[in-house]
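Colleague: Please take me through the model shown here, one chain at a time.

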Amino acid sequence: MAVGRQPARPVSEVKLLARPTWTRGLLSWLTTVDHKRLGILYILASFFFMGLASIEAFLIRLQLTRPGLSIVSPDVYNQLFTMHGVTMVFLAIMPLGIGFANYFMPLMIGARDLAFPRLNAFGFWVYFLGAILLYTSFFFGGAPDVGWFAYSPLTSLSNNPGTGTDYYMVGLFIGGIGTLVTGMNFIVTIINMRAPGMTLMRMPVFVWMILVTAFLIVFAFPPLTIALFQVIMDRSFGTLFYEPAGGGMAILWQHLFWIFGHPEVYIIVLPAFGAISEIIPTFSRKPLFGYPIVILSGIFIGFMGFAVWTHHMFTTGLGPVVNTAFALTTFVIGVPTGLKVFNWMATIWGGRVQFTTAMLFAISFLVTFTIGGITGIMLAMPPFDALVQDSYFVVAHFHYAMGGGALLSFLAATYYWFPKMTGKMLSETLGKWVFWLVAGGFYLIFFPQHFNGLAGMPRRIQTYPEGLGFEFWNVISTIGTFVMAVGILLLLYSVILAFARGEPAGNDPWDGRTLEWSISSPPPYYNFDEMPVVNDRDAFWAQKYPESVHAKPVEEEFEEHGIHIPGQSWYPVIMAGALFIGGYALIYNNWWLGILMFAVIVIGSYGWAFEGIGGHHIHPEEKEA
Amino acid sequence: MSQAAVEHAPEHYRSTSLPDPKLMMWIFLASDCMFFGTLIGTYLVYKNRSLEGPFPVDVLDIPITTVSSFVLLMSSFLMVLALHALRTDNIPRFRLWTFGVAFFGSVFLGFQVFEFSTFVKEGLTLQQNLFGTTFFTLTGTHGIHVTIGVLWMLSILITSYVRPMSSKDALYLEVAGLYWHFVDIVWIVIFTVIYLVEFV
Amino acid sequence: MVRWIFRVAALFGLSAALSSCVFQGSDGPQSVLHPAGPVAQEQIDLFLWTYYLSWIVVVAVGGVLIYSALRFRRRPGDDSIPPQVHGNTTLEIAWTAIPVLLVIAVAIPTVRTLWRTEAFAEPKEQDIVVNVTGHQWWWRFEYPELGIVTANELHVPVGRRVILNMTSADVLHSFWPMKLAGKRDLIPNQNNQLWFIADESGVYLGQCAELCLGAHAYMRFRVIAEEEADFEIWKGKFQDLQVQQVQADPLIEQGRLLFTQKGCATCHTIDGYAEDYSIGKPNFPDLTNFGLRLTVPAGWADNTPENLAAWLRDPQEIKPGNRMPTLWAESDPNREEEIDALVAYLLSLGRDDQQQAQASVQHLGVGGNHGSR
């Protein structure tokens, strides 16, 4: 076998279910394995859950507007902030990054799909149904109320007899499986499916950041999954992992959770960095400044992400030695992050900067993330952390880092890639309004929370007495919520407007630099007519403006054998559905249902394995026929 | 548009020479390392923290577990032989060794069932103390891995009777082999951490 | 170019000034910016040092960003392609050095402060040692060397080091006396230490900072720092405890009987620190010398007869989620009368007379919930 040539997988005759072939309608979306359709599903689901989380946030803000309000009871309040956090982290922002990656990573590396298309579909459905499972808790006895990091022993059966905690554990457990397999799929795809000439150091930074993110997923999710599993065991089978009465250590949960939790921050933020690294060069008409440095910084940040977890636990009494060590490792992360910001600024310098909505969001991201990074360094100082840990200063900090860092840049990405995904332009006039309302609202909400944190307002309190000095900034913060809400609604309106009568986008509305802009908008289901050949970084730019770069010709030889279109399949959605229903069996300890679903999974795996990847080939010359 | 089925599948362009399934398995195993790492970590954290007995020294039986560990190690050896046989198109041998792997794996599982039931008789249950909790989850998770491996090997064996197999299919056995060897290596770690260390 | 630099500098100077005003403004009773002891002082000094450093960073980054974005904006009709610059090694090295230097400038004082404030404190003779137990949703303070148990209000002498050994009886809590020291978590099966010194007498607010469900928001406490003489008086009240005798005042006497009749005594003790401390009682707030308390319940409202009566009347109304039972049905004809008697009795505990107690409250400068010093 020559390097770069691999046999297609063998086809099997054994079939439990006929292979679905719908190309339109609901069933075609249920059985799709196309990375673009799944990307759209991810993005839509993310925005849907983000909407739910926003409603929760809105209620939280209303409750805190004035001291002593009782718009919601403490119990409901606990459920609201728990679900807001869980939703934003696990169900909204992280899948949004995965969604953009699903859609654009294969296009950027010139691939026809992900390496394992059915696994990709499985990943989506598992995430989506896990999220739905989590949300059904609102109808069955109350949502989880233990905070998004669900500290033990608050989650033990004796302290929390309701089913809310079970929904948290099982929902995230199931959703985590989806994320995990998607992460693995991304790694194989990026390593193996790059177009000829697309060497690692020619890959777009977005793809690089997705690669780092995927590795973080692969290594960070297992500790979380096991920790969730341990609590499920405690609650369903009476084990003693986190039962203080049996000698269990509450602190172990925190270690396991944050070994996952800190990399999770980068799982959320690195795709955002990647998107920014595409948007800023495009609208500056310059290549990214210091490409290798930006990539190495990203890798370094991802690597260090595993070495800083106890900075979430400075106040748990680990002692000065541990606190010193983890303070220092955390400071170290400041260096590559600073480097990235400098390189993005240097990309703008000397360019031809276009203030599109996407670029405005990107620039606001730079400022916001810088502020979030600085408060991050402050919180990395254990003595100061002891003063403001679990106060609104921390709330402000992580909303700047994750909300400002990830959300603003994903909004930039939405404006940037929407024309490619739909073939329609979003209104730039409305876009400016959206930007100022969303970014302005964001600053109104969260900047005052720094002051409230310093004024001594703890997070997760349902109300506060008068006279502590929290009143003024809480009012401002709530007003900000309204401003931001108007911005988000305007964005929705803008999207509807674009579908109704948006200008056609054409292939390349922004004079883009990467391969996705070389094909039509929206892209054809087979992506590329011919396998693209890459001879430089910013491959499409090099094709368009060869005189401005020094592209080297590709030496690699390859032969086109037609485009393989993988077949649709029922199994991903069946397996995900079985996990979903099995989740309820686990929550309500209904073992017969559990065994039934287990059987479905076993049979499904065989069906899946013997169905094979299937599909058919189309040939470039026949496509138009 | 012609829709030729992938009967005579042409080779696909790939940027490395590492086949997708093999790469996938390596990444899965890397991830699985973290799964087992977390479980072993939990075991170590809770070592000697049980409030009441039975304690490890009361129940662990080194000679029996040594035998079962040896059986599991030998299954890995058979795995190598099976892969070699398939690569050289020696199908009868391939079937024999594949069956051997599944059989030895089952023997190991039998030992584990015996061990678990003995422990339960001696009063060590999942709910008894932290040792029971961590021991059964860790070794149980490993046992589930072995079970999946046994089922996988049997599936490959049955497949070889359903449709002809040749050295072209060696990749799939190789991937299963990677998994099997990994599960074996994990057992060596578990055996050391739970059993041997207790009696040092 | 120079004009631009001035503009940007002016803009950020303005916002820096603005933010400093806000700082001065945030002078609430829980503000960490105005500490009352050396531990919190060192912690906040560290913050202020980074705070000023970070203004330099924000002004520099924001200034250069806005300047370059505006300076290099694309003019209408300009379709030219700028030079495709890929990087510059000298620059990269230079601006790697900047964050490295900044991080070092932050790291050195951090480590120094950390070891000064967090290193294990070996108790010395003049130190006050207190065992703190967190409960859902109140605090138990035990002075093992002085033989005192109390709840929710920690009395300490000014100028002496207070060493807290902390654990939790149920879920996680976090003890956050923000004016005196940073917080430390209370964790079951684990002992954590925190120490602080109060520089001046006063009542300092504090609050649980780790989600503990239910009445978490209402789980507050006070640290009452007193001059040595006042502390001795307070201590004396516990060490020479005289309770349980028949009271002269008929109202108080009725309250004394009600305390047993209504079942208060099942959970709450008023007998101070005793050898035969009945099992179960440590799980409920100790009410010894309750009349000396400034607040009810758990630091939420002033300990006035009205507030205490309201609390007894409907505990869930005052502190949703707590475990205090409602002792009287709404239809109970004796409710108000019995509450009055019980309030009178409880407030008499530890007080020589009403006036003196009021005076001591005034002396400590408590008014409303404003517990600032």
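**Helix α5 and the fold of chain A**

Modeller: In chain A, helix α5(A) is mostly covered, with 27 of its 29 residues buried. A residue is buried if 20 or more other C-beta atoms, placed from the backbone, lie within 10 Å of its own, exposed if 12 or fewer do, and partly exposed in between. This is a predicted model, in which local features need pLDDT of at least 70 and side-chain atom pairs count only at pLDDT 80 or more, while totals for chains, interfaces and linings use all residues. Residues are numbered from 1 along each chain as its sequence is written, and chains are lettered from A and ligands numbered from 1 in the order in which they are written.

Colleague: How far apart are the end C-alpha atoms of α5(A)?

Modeller: They are 42 Å apart, which agrees with the 42 Å that the 29 residues of α5(A), 164–192, should span at 1.5 Å a residue. The expected span is 1.5 Å times one less than the number of residues.

Colleague: How many helices and strands does chain A have?

Modeller: Chain A has 18 helices and three strands. Both are DSSP runs numbered from the N terminus: H or I of at least four residues for helices, E of at least two for strands.

Colleague: Changing topic: how many residues of chain C are in contact with chain A?

Modeller: 84 residues of chain C are in contact with 82 residues of chain A; contact requires C-beta atoms, placed from the backbone, within 7 Å. The largest share of that side of chain C, 17 residues, comes from α3(C).

Colleague: What is the order of strands in the sheet containing β7(C)?

Modeller: That open sheet of five strands runs β4-β10-β9-β6-β7 in chain C, with mixed pairing. Two strands pair if DSSP finds at least two bridges between them. The edge strands, each pairing on one side only, are β4 (153–157) and β7 (184–186) of chain C. Three bridges join the antiparallel strands β6(C) and β7(C), and H173(C) stands opposite L186(C) in β7(C).

Colleague: Lastly, chain B. Where is S167(B) found?

Modeller: S167(B) is in the loop between α5 (130–162) and α6 (170–196) of chain B.

Colleague: Why does S167(B) count as partly exposed?

Modeller: Because S167(B) has 15 C-beta neighbours inside 10 Å. Leaving out residues up to four places away in sequence, S167(B) touches L86(B), R87(B), T88(B) and D89(B). S167(B) and T16(B) lie 151 residues apart in sequence and 21 Å apart in space, C-alpha to C-alpha.

Key: Contact = placed C-beta atoms within 7 Å.
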